[in-house]
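Colleague: I want to learn how to read charge pairs and helix packing from a model. Can we work through some cases?

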Amino acid sequence: MLLIAGAAAVSAGLLLIDRPTLSLHGWLVLLVMPPALQLEPLHTLATNGACLAALASWLLADGLRRDPMAWNGTLLLLGLCILWAFISLLWAPDLVEGRRALIAWILSFLFLFLLLQRTRSLEGIDALMLTIGLAGWLLILAGLFTVTLTGYDFTTRLQVLGINENMYGILLIIGLPGAMWPVMRAYGGRRALLMGLSVVYLLLTLAFVALSGSRGSALSLLIVLFLFLFSRSVRPWGIAGLGVLVALLMVAPFVLSVVLHRVGEEEGSELGGRAPLWAASLDFIRDHPWTGGGVGNGPFALHAYMAAATGTFNHRLDLPSHQPFLEIAVDTGLFGLLLYALMLASAVWSFASSRRRWLGLGAPPGYYPVVIGVTVGFVVSWFKAGGMKHHPTLILLLALMLIPAHLAAATGGGPKAQRPGRAGGATSSVH
């Protein structure tokens with residue numbers, strides 16, 4: 001069995017090394033795979049193998065040819081975050097936890113770096129969006145399986161294949177660009193068919209988010225649909241989504257009963273019990289402003305402060321602050337928080353400043369409102385989530401924001417506008 005498994009692993013590795021995009025996108029699918037399907041140790045081996053294959057294939061395909069790398073300030077600042085996290089091991093009491101957290105940071109850097117290297121054309125975006133869309137549809141099918149074949153009770157929160165109820169809706173929202181992008185790239189009858197499929201995805205996303213009972217995901221999805229209304233290129237999805245929501249309220253209100261009940265309940269307050277966690281985190285930061293507890297050690301060092309604020313979490317010695325910025329500051333201090341905030345801001349700046357060049361390439365204008373809507377919706381839930389400071393979904397959104405600048409750079413910034421000649425005629429620009 002070991003020989004067979006080894007032979008299969010070697011064959012798969014050779015196949016993936018020769019196909020850089022396949023290995024990278026396979027890694028993406030493995031990172032967001034539902035826990036119930038993660039058969040250990042096979043899942044860990046497959047994830048690590050896909051990571052190594054994606055890195056090796058990039059080195060062979062691009063590195064040996066010395067092709068120019070897609071490099072930017074976001075990657076630089078993320079690298080500095082990792083460097084500071086490594087330095088924080090000097091005062092981290094538990095080096096095992098520190099090493100585990102540091103590896104997670106390094107893998108996040110590799111994931112973002114490779115996504116940018118392999119997505120530098122419209123065809124590359126097509127492939128990435130296809131993978132995102134397939135992952136989203138697999139989650140939709142998993143939700144349908146859970147609702148129809150597992151005896152699900154519509155009065156309880158929907159949990160799909162071990163995915164956290166709050167996380168399931170976020171993953172479905174992240175899948176929206178993958179469902180909508182093919183419509184923007186299609187014409188005629190094919191566009192109508194893909195538009196219908198994307199509306200079905202949106203309808204089922206609304207239903208499953210409501211059944212999950214996640215207030216954060218429900219608010220995020222409503223914000224996404226509302227923002228879609230402000231752009232003509234994606235307004236049909238906003239109208240369709242809000243129309244479906246009204247129809248659910250009128251025809252099948254039981255679908256919304258779970259989330260409406262959780263909105264009305266007062267347990268844990270509107271922050272879901274996070275207020276004492278945030279207060280304890282702020283107290284810890286005041287006492288350790290520059291060093292923090294050391295990478296990976298923040299939650300353990302924070303326990304005494306949480307115990308002083310509330311006894312609710314005494315059974316948890318590794319509870320995060322449930323707020324990404326607080327988690328960063330608790331781990332690596334205010335300097336680490338500054339680097340992290342600058343890293344996120346640099347991605348937003350790159351996205352905003354490359355819009356004109358993106359449109360100059362003749363690329364679908366709907367890309368920007370889709371990414372903006374999904375990002376804003378994601379941040380609403382991400383802001384009060386735990387363990388999401390370098391989650392694959394965040395890295396994927398950072399990549400979607402950074403890709404336009406590198407796509408424009410790879411193609412020379414796109415066609416330039418024509419200048420009028422001296423005699424009043426048009427003069428073609430020189431590329």
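Modeller: This is a predicted model. Side chains of opposite charge can pair when their charged atoms come close. Take Arg286 and Asp283, which form a salt bridge. Their closest N and O atoms are 2.7 Å apart.

Colleague: Where do Arg286 and Asp283 lie?

Modeller: Both lie in helix H13, residues 275-287. They are 3 residues apart, about one turn of the helix.

Colleague: Is Arg286 buried or exposed? And what about Asp283?

Modeller: Arg286 has a relative accessible area of 58%, so it is exposed. Asp283 has 36%, so it counts as partly exposed.

Colleague: How many salt bridges does a search of the whole structure find?

Modeller: The search finds 4. One of them joins Lys389 and Glu327. Here the closest N and O atoms are 3.3 Å apart. This pair links distant parts of the chain, 62 residues apart. Lys389 sits in the loop between helix H17 (367-382) and helix H18 (392-410). Glu327 belongs to helix H15, residues 324-353.

Colleague: Are Lys389 and Glu327 buried or exposed?

Modeller: Both are buried. In this model, that puts each under 20% relative accessible area.

Colleague: Which residue forms a salt bridge with Asp126?

Modeller: Arg185 does, with the closest N and O atoms 2.9 Å apart. Asp126 lies in helix H6, and Arg185 in the loop between helix H8 (176-184) and helix H9 (188-212), so the pair ties together parts that are 59 residues apart in sequence. Asp126 counts as partly exposed, at 25% relative accessibility. Arg185 is also partly exposed, at 30%.

Colleague: Now packing. How are two packed helices described?

Modeller: By the angle between their axes and the distance between the axes. Helix H2 (residues 20-31) packs with helix H6 (residues 122-149) at an angle of about 30°. Their axes are 10 Å apart.

Colleague: What does that angle make H2 relative to H6?

Modeller: Angles under 35 degrees count as roughly parallel, so H2 is roughly parallel to H6. The crossing of the two helices is right-handed.

Colleague: Which residues make the contact?

Modeller: H2 supplies Thr21, His25, Leu28 and Val29. From H6 come Ala127, Leu128, Thr131 and Ile132.

Colleague: What is the breakdown of that contact by class?

Modeller: The contact of H2 with H6 has 5 nonpolar residues and 3 polar ones. No charged residues take part.

Notes:
Residues numbered from 1 in each chain as written. Predicted model: local features only at pLDDT ≥ 70, side-chain atom pairs only at ≥ 80, totals over all residues. Heavy atoms only, no water. Axes fitted to C-alpha atoms, helices over the stretch in contact; angles between N-to-C directions. Helix = DSSP H or I, 4+ residues; strand = E, 2+ residues; numbered from the N terminus. Parallel < 35°, antiparallel > 145°, perpendicular 65-115°, else oblique. Left-handed = near helix turned anticlockwise from the far one by under 90°. Contact = heavy atoms within 4.5 Å. Nonpolar A, V, L, I, M, F, W, Y, C, P; charged D, E, K, R; others polar. Salt bridge = Lys/Arg side-chain N within 4 Å of Asp/Glu carboxyl O. Buried < 20%, exposed > 50% of the residue type's maximum accessible area, 1.4 Å probe, protein only.
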